[in-house]
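Please read them beside the sequence and the coordinates.

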Amino acid sequence: MKRKLTFALAMTCLVAAPFAAVAQAPAAKGLLEVVPGEAWGLVSVRSLAEFDKKVTNLAMEINAPMAGMSMLAMAKGHLGLLAGVNDEGSLGVVVMPAETAEAVSQSLAILVPVSGYTDLLSMLSPEDAGDGISKILFMGNETYAAEKSGYAVLGPSPELVKTILQGKSSLSSQMTAHEQKRWAQDDFAAWGHLSALTASPVWSAIAEPMNATGMDLAMLEDFKSAGLSVRLGAEGITFGYYVGAKQGTAMASALNDLKVPSNSLLTGLPAEEFAFAMGKASNKAASELGGKILEQIFAALAQQPEAPPFVAKLQPVITEMITSLRTVSFGVNGLAEGADGTMAVTCVIGVDGGAEQFLSQFGQLFDELKAGMATDEAPGLDDFVHYIPKAEGDASHLKFHPAAMGADEADVTKMTQLLGKDVALVRMSPAGAEHVVVTVGGGAAHLDNVVGLVQGGKSPLTEHAEVKAVASMLPAGRFFEGYLSPNGVMKLAGAIAKATDGGALPNLPPVEKPVAMYSAIVPQGGAQTDILIPMDLIKALMQMAMAGMGGGPAGPGEPVGTEPPPM
């Protein structure tokens, strides 16, 4: 067991070392050709030298500790790979098929790009093991090695190394064009062949106990592959996630048939003092898929010994509401001086079936919940919250009672400062035939403003300077987008601290761009999600951290190497 863990730890250190730490990398596709097509997964640094330069540049840009030091050189020294490594090549850790979960650690191999295979082995005490395979000492661990197409294949057994050497197909044959393109662009990537994993005995051993609890994992078998990635660039850091569905499955239909609406995903969200905003489009297939997932969750809950009987009654109503969703936008804003409260939360829901029907279903849901919770021994739902249909014109109210929930007079005063004189009141109103607006804070004036924006088809947030600063970096055809404004968050946090007598907050230097995120459909039943962290936010956070440690504001260093390509 110690040997298994040591080898796995060595591979983890080798791949992660550049993180602890620009020419175009030539070997990204070469690695995909070397890895056998039956592999379950691959983790890779696309170009060791390029990634090392990017990490060094980033560290110097933000004046991080140990800036200017090569993490690649340190890692190679620590691992004993002092000669024969091709720094321009791609490093990979491959996961080959295993019969049991316990055997997975013995199915991991490292692929090291080499400029001189013999030179690399000479540092690792090689012994001939036959069939072109050598036994070496790697990180104090008995390991086996062989050369394949410019890579040293290192594995815990000669059988595993031989399997990789004899692989007839390549991993690239299992990837879509989009996956291969991203692999060649991103600096760090992890890819999993989910369809191969879910067809294996290992998956059966994982899924059967979960299925016994009522949580059916069969839906995960609709996935063909998934990937994670990191890309460093002059504009900042991009974290990516990809999922691909098997053709002909419900998941693929949900992705392939999704039509992005022509109007903005941020319809109805106000732009003033925005801290966070997001919008998402869906379709019937995707919403029905969400409903099926919800059914499984309720089925699992119903099997719990202490599950109340009314849980089963809630499921059909909630499922029907979920399957009717077509668009959702959500935002958190600070309010202007003199407004009713300090902040407001806004949600605009586009529904198939009509706004009035959706609100009626919510009332039915509340009644089922209230009836199910009614007992002689404990307070009922009415003691904590009331639902009042058409309480204010077309607007319904969900009114919470803070005192019944344990809030004292001081707490209520603070809540009033935050959410306005209505304190804990949720307003819900139709906005035309197909939209429902839900607001908390800002009073009736905020609700009326948002209803007017929705009815007019307006999305003022799209014209906000921060949103416009990153909009050009996001792809067309996205079905999800979101923005987190550091400036807005800090301003809102300061207003909340003031309203609630909180302490002083650290000072974050102003940033020009928000954190941006999006999801977009890609061909062959896939979806790509990226989160973009802007460079000026990274710098600002480092400056704030340095100031907090008494180091004063941090200034940029002098980048080294060639300029990284734009994201």
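This is a predicted model: local features need pLDDT of at least 70, side-chain atom pairs count only at pLDDT 80 or more; totals for chains, interfaces and linings use all residues.

1. Largest pocket. The volume of the largest pocket is about 690 Å³. Its lining comprises 33 residues, and M251, K280, A286, L289 and I293 are those nearest the centre. The elements that contribute two or more residues to this lining are β10, α10 (250-256), β11 (274-281), α11 (284-302), β12 (325-334), β18 (478-484) and β20 (526-534).

2. Make-up of the pocket lining. Helix α11 contributes the most to the lining of the largest pocket, namely 7 residues. By class, the pocket lining has 23 nonpolar, 7 polar and 3 charged residues.

3. Largest cavity. The largest cavity holds about 140 Å³ of space. There are 17 lining residues; E179, R182, G227, L228 and Y242 lie nearest the cavity centre. At least two lining residues come from each of α7 (177-185), β8 (188-192), β9 (223-233) and β10 (236-245). The cavity lining divides into 9 nonpolar, 5 polar and 3 charged residues.

4. The model contains 3 aromatic pairs. In one of them, the ring centres of F276 and F330 are 6.4 Å apart and the planes meet at 55°, so this pair counts as tilted. The pair joins distant parts of the chain, since F276 sits in strand β11 and F330 in strand β12, 54 residues apart. F276 is partly exposed, at a relative accessible area of 23%. F330 is also partly exposed, at 29%.

5. Aromatic pair between helix and strand. F366 and Y387 have ring centres 6.0 Å apart and planes at 45°, so they too form a tilted pair. Together with F362, F366 and Y387 make up one aromatic cluster.

6. Helix α3. How far does helix α3 (residues 48-61) reach from its first C-alpha to its last? The 14 residues of α3 reach 20 Å, close to the 20 Å expected at 1.5 Å a residue. Of these 14 residues, 12 are buried, so α3 is largely enclosed by the rest of the structure. Among the buried residues are E50, D52 and K54, as well as L48, F51, V55, L58 and M60. Just after α3, N63 has a positive phi of about 55°.

7. Helix α17. The end C-alpha atoms of helix α17 (residues 486-499) are 20 Å apart, which agrees with the 20 Å that its 14 residues should span at 1.5 Å a residue. Its buried residues are P486, G488, L492, A497 and A499. Viewed down the axis of α17, these buried residues fall within an arc of 165°, so they line one face of the helix. On the face of α17 turned away from its buried side are the exposed residues K491 and K498. Just after α17, D501 takes a positive phi of about 60°.

Note on methods
Residues are numbered from 1 along each chain as its sequence is written. Side-chain values use heavy atoms; hydrogens and water are left out. On a 1 Å grid over the protein atoms alone, a cavity is a set of points where a 1.4 Å probe fits but cannot get out, and a pocket is an open set with protein on both sides within 12 Å along at least five of seven lines; lining residues have an atom within 4 Å of a point. Grid points are joined across faces, edges and corners, and a volume is the space filled by probe spheres set on the points. Helices (H or I, at least four residues) and strands (E, at least two) are DSSP runs, numbered from the N terminus. Ala, Val, Leu, Ile, Met, Phe, Trp, Tyr, Cys and Pro count as nonpolar, Asp, Glu, Lys and Arg as charged, and the others, Gly among them, as polar. Rings of Phe, Tyr and Trp (its six-membered ring) pair if their centres lie within 6.5 Å; planes under 30 degrees apart count as stacked, over 60 as edge-to-face and the rest as tilted. Buried means under 20% relative accessible area, exposed over 50%, partly exposed in between (1.4 Å probe, protein chains only). The expected span of a helix is 1.5 Å times one less than its number of residues. The arc is that of the directions from the helix axis to the C-beta atoms.
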